[in-house]
Amino acid sequence: MQKNDYFCRVKIGKIMDSFLELCRHRRSIRRYSSQPVEREKIDYMLRCALMSPSGKRRNPWEFVVVTDTDKIRAMAPCKEYGSGMFETAMAAIVIAVDSAIADTWQCDGAISAEHLLLAAEEQGLGACWCHIYGREEAENLIREITGIPANLHVLCVISFGYKDEERKNYDLDKLLYNKVHYERY
Ligand SMILES: Cc1cc2nc3c(=O)[nH]c(=O)nc-3n(C[C@H](O)[C@H](O)[C@H](O)COP(=O)(O)O)c2cc1C
């Protein structure tokens with residue numbers, strides 16, 4: 001990705017006319033078609049992640065982009081459950097975070113992950129968070145595949161690609177409004 005390659009945003013198939021609509025459409029997508037993801041779309045997602053807020057603007061995250069499908073397929077057995085998305089994903093971004101830089105590192109990493117998930121949806125792609133941190137075997141395998149050094153925590157891997165499954169959009173009438181409290185719990 002070039003710093004000055006600023007206007008590379010590609011046309012998206014479906015225009016989301018509001019952030020609410022984008023949130024409504026974003027679902028975890030775990031099955032992808034074999035269509036490769038354009039570099040411009042990956043760059044777009046990365047720019048969104050690089051603008052995510054972080055505590056004291058410490059930016060403790062690092063992003064490892066993987067498009068080599070052999071490497072992505074090798075990630076599939078990283079966990080017994082919940083890593084099947086790597087069997088078909090055409091791209092993945094590993095989020096590694098340095099806890100020595102910021103005590104808010106888990107939040108910082110998680111926010112950057114959410115920027116990636118929403119940016120993927122906006123670009124007409126499907127994406128899913130695969131949690132890695134605290135799952136020792138998974139962490140070791142992802143480190144082995146990507147060369148992430150021991151001083152960084154492997155928080156998660158965001159798999160993505162063109163969707164090969166339909167998921168229902170969120171229904172605004174069925175949101176968990178009971179979780180919201182006004183003025184006092
Ligand atoms: C912190 C976190 C960890 C997650 N880990 C996994 C995972 O390891 N494997 C997986 O298939 N989905 C994982 N997900 C996706 C959730 O299962 C999904 O977001 C949730 O079921 C809600 O569905 P939705 O994303 O379609 O709205 C994770 C999501 C979050 C936020």
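Which elements cover the buried residues of α2? In this predicted model, local features need a pLDDT of at least 70 and side-chain atom pairs count only at pLDDT 80 or more, whereas totals for chains, interfaces and linings use all residues. Residues are numbered from 1 along each chain as its sequence is written.

The mean pLDDT (the predictor's confidence in each residue, from 0 to 100) of the protein is 94, and 91% of the residues score at least 70. Over residues 6–13 the pLDDT falls below 50.

Helices (H or I, at least four residues) and strands (E, at least two) are DSSP runs, numbered from the N terminus. Helix α2 comprises 12 residues, 39–50. The buried residues of α2 (20 or more other C-beta atoms within 10 Å of their own, C-beta atoms being placed from the backbone) are K41, I42, Y44, M45 and A49. Viewed down the helix axis, these fall within an arc of 155 degrees and so line one face of α2; the arc is that of the directions from the axis to the C-beta atoms. Their cover includes β1 (61–66), β2 and α4 (105–122).

S99 is located in the loop between β2 and α4. With 16 other C-beta atoms within 10 Å, S99 is partly exposed, a class between buried and exposed (12 or fewer). The C-alpha atoms of S99 and L152, 53 residues apart in sequence, are separated by 7.2 Å.

Technical notes. Two residues are in contact if their C-beta atoms, placed from the backbone, lie within 7 Å. The expected span of a helix is 1.5 Å times one less than its number of residues.
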